[in-house]
Amino acid sequence: EEQERLLENRPNQPQNPKVLRIAIIGTPNAGKSTLSNQLLGRKVFPVSRKVHTTRCKAQGVITHEDTQLIILDTPGLTNPLKAKRHKLDEAMLTDPWDSMKHADLVLVLVDVSDHWTRNSLSKEVLKCLSQFPHIPSVLVLNKVDILKKKFVLLEIVTDLTEGIVNGKKLKVKSAFKQDSSSSAKSPLQSTWASPESRAPGSPCQQEKNQAQGGSGLDKSSDVRGAESSPGTEEGQGPKHCGPEDLKDRKGWPHFQEIFMLAALRGEEVDTLKRYLLMQAKPGPWEFHSDVLTSQSPQEICDNIIREKVLEYLPLEVPYGVTQVTEIWEEGECGELFIMQSLLVPRESHKRMLIGRGGKVISRIAQEAGQDLMNAFLCDVCLKLKVEVKS
């Protein structure tokens with residue numbers, strides 16, 4: 001009831017409000033929800049190692065002093081064939097596009113630990129960027145802590161940006177004078193972008209002393225030789241691209257910034273957050289300052305339980321589970337009693353979900369209950385039943 005009241009009432013407004021709407025896009029399982037949760041400081045979006053954990057767009061709200069950041073956590077960009085395989089709703093295909101329409105800034109998240117995909121942006125991401133070329137975009141390389149050979153980051157950046165950042169051509173002469181293996185300095189202290197391409201006094205330069213590396217903002221970076229020089233693209237804004245233009249393209253030459261971080265561990269997330277706060281423009285707040293997410297408590301509950309089901313069931317099995325909330329009651333002391341039925345299509349799926357001696361379903365209930373307590377900041381008693389769909 002309190003959440004509904006906060007969402008329905010007109011938001012409170014500071015004297016000079018600022019706002020920034022941020023769309024986070026990327027391929028499934030790149031870490032979009034993990035990054036969103038870290039930026040928010042609380043877990044309100046579901047996270048799993050399986051793809052398509054996020055099933056619909058949801059908004060997270062960060063309110064800091066006179067500034068409000070609205071994070072549009074979207075499903076991973078996918079195609080109709082994969083959507084059909086995972087029994088995904090039509091919304092999974094349209095929601096990322098809808099989020100782009102309302103965004104002031106786009107974060108393109110890339111999982112650099114996946115050596116199969118890290119050197120090129122997916123066709124779906126490129127198509128999304130090319131359809132909205134007027135929206136500023138930022139490249140965020142995630143899971144850099146997993147990389148053993150840090151020198152590959154320069155190669156990845158060059159491929160994903162086509163050698164151009166913030167309108168300047170980048171020349172990479174040499175990198176990592178130290179050993180290029182895992183003994184090299186962590187990229188979280190020695191990241192790279194194009195320092196000279198930023199105008200003096202720009203927000204990035206003002207943050208330089210505070211940011212202490214991690215976002216490619218520090219000229220004292222250990223990655224040397226990343227010099228910027230005017231390229232033919234300088235001064236030319238991004239243009240709308242058709243399907244033919246994207247056919248052989250691997251990267252996007254219109255990123256304004258590059259950030260490297262480890263979202264799961266929260267490393268360098270604050271650096272990105274400070275940058276986002278500085279990009280906010282004057283405008284009225286859309287949410288009350290006490291709102292953390294646009295989701296209802298029931299939606300948060302469903303998402304967290306589904307996350308655990310995805311985590312503990314094999315292959316395609318969890319995508320066929322239907323959730324039905326039977327009981328949702330608040331106790332006298334503010335504690336929450338929730339009972340939910342998990343409906344599965346087959347008896348074999350029921351046995352898998354329950355597990356030997358009820359171990360699997362007990363573990364799901366225990367972990368989901370703990371996450372719900374952290375999300376709602378109250379005691380939660382969660383009971384789960386498993387039934388075969390009639």
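Predicted model: local features only at pLDDT ≥ 70, side-chain atom pairs only at ≥ 80, totals over all residues.
Trainee: Okay, how many helices and strands does the chain have?
Mentor: There are 13 helices and 13 strands. Helices (H or I, at least four residues) and strands (E, at least two) are DSSP runs, numbered from the N terminus.

Trainee: And what share of the chain is buried?
Mentor: Of the 390 residues, 51% are buried. Buried means under 20% relative accessible area, exposed is over 50%, and partly exposed sits in between (1.4 Å probe, protein chains only).

Trainee: Which residues have the most contacts inside the largest nonpolar core?
Mentor: Val 108, Leu 121, Leu 129 and Leu 141, in a core of 37 residues. A nonpolar core here is a set of buried Ala, Val, Leu, Ile, Met, Phe, Trp, Tyr and Cys residues joined through side-chain atoms within 4.5 Å.

Trainee: Which element gives the most to this core?
Mentor: That's α6, with five residues. Seven of the ten residues in α6 are buried, including Leu 153, Ile 156, Val 157 and Leu 160.

Trainee: New topic: at what angle do α2 and α10 pack?
Mentor: Helix α2 (residues 32–40) and helix α10 (residues 269–279) pack at about 75°, with axes 10 Å apart. Axes are lines fitted to C-alpha atoms, for helices over the stretch in contact, and angles run from 0 to 180 degrees between N-to-C directions. The two helices, α2 and α10, are therefore roughly perpendicular; that label covers 65 to 115 degrees, while under 35 is roughly parallel, over 145 roughly antiparallel and the rest oblique.

Trainee: Which residues meet there?
Mentor: Leu 35, Gln 38 and Leu 39 in α2 meet Val 269, Leu 272, Lys 273 and Leu 276 in α10.

Trainee: What about the sheet with β11, what's its strand order?
Mentor: It's an open sheet of three strands, ordered β11-β12-β13, with mixed pairing. Two strands pair if DSSP finds at least two bridges between them. β11 (322–330) and β13 (380–388) are at the edges with a single partner strand each, so one side of each has no neighbour in the sheet. The twist averages 15° from one strand to the next.

Trainee: How many bridges join β11 to β12?
Mentor: Eight, and the two strands run antiparallel. Val 324 stands opposite Ser 341 in β12, and Thr 325 is opposite Gln 340. β11 and β12 form a hairpin with five residues between them, and Gly 334 in the turn has a positive phi of about 90°.

Trainee: Which helix lies across β12 and β13?
Mentor: Helix α12 (residues 347–354), running at about 155° to β13.

Key: Residues numbered from 1 in each chain as written. Heavy atoms only, no water. Contact = heavy atoms within 4.5 Å.
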